[in-house]
Amino acid sequence: MLRKSNGKVLFAEGKEDFADFLFSFLTIPLGGVVHLMDGCSFMGSVEGLYKSSFDLDEEHWTTKEVKNKLVDPMLAPWQVNRNVGNCTALELVDTISDTGNSKGYANGQAMYMATDDLVVTPISSISVISLLNSMNIPVNDLEEKVVSIGIKKGVRLLQASLTSTSALIIGLGHLFTNVTEGN
């Protein structure tokens, strides 16, 4: 949801897969973050540490597998599908279920809202109105936009979440740069 008057992203809403995607950020090891961002994570010294571990000869590691765990770790609960037809997709897979019957983290019985600082809550009319009132935004200043999040947008959102408390604006705001007052 955008604010029409300035084009700022106020919040995002989605089903359980959206909430699962955001919650999965908490499961990614730092080496995985730097790996996903191809060395452009802007995480300061962590990038230097990652690069040095990547560049360090295998003879300095106890095993090749140990090095690989650091420079290309498993990114549970993500399965990265790089080629799905002509598209690139990021698919969540079930890695936390003991029974194999559930998927992800969030209960599929609700819709979820994430604010710009990625506070995730179940969405309701009351929660939206409360958020808008707390930000002094009139309802007629809202514009709904639909966005699908694949690997590139997901990585950009992850990067923004690590470097700012305005993750939605920084991570997805570029998609709405043509939104201006009166449009």
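Tutor: Asp55 is partly exposed, at a relative accessible area of 44%; here buried means under 20% relative accessible area, exposed over 50%, and partly exposed in between, with a 1.4 Å probe and protein chains only. This is a predicted model, in which local features need pLDDT of at least 70 and side-chain atom pairs count only at pLDDT 80 or more, while totals for chains, interfaces and linings use all residues. Residues are numbered from 1 along each chain as its sequence is written, and side-chain values use heavy atoms, with hydrogens and water left out.

The side chain of Asp55 meets that of Lys51 in a salt bridge, at 2.5 Å from N to O; the term denotes a side-chain nitrogen of Lys or Arg within 4 Å of a carboxyl oxygen of Asp or Glu. Lys51 is exposed, at 52%. Both residues belong to helix α3 (residues 45-55) and lie 4 residues apart, about one turn of the helix. Helices (H or I, at least four residues) and strands (E, at least two) are DSSP runs numbered from the N terminus.

The structure holds 3 salt bridges. In one of them, Arg3 pairs with Asp141, their closest N and O atoms 2.6 Å apart. That pair joins distant parts of the chain, 138 residues apart: Arg3 lies in strand β1 (residues 2-3), and Asp141 in the loop between α5 (125-134) and β7 (142-143). Arg3 is partly exposed at 22%, whereas Asp141 is buried at 9%. Another salt bridge joins Lys145 to Glu143, with 3.3 Å between the closest N and O atoms. Lys145 is partly exposed at 35%, and Glu143 is buried at 18%.
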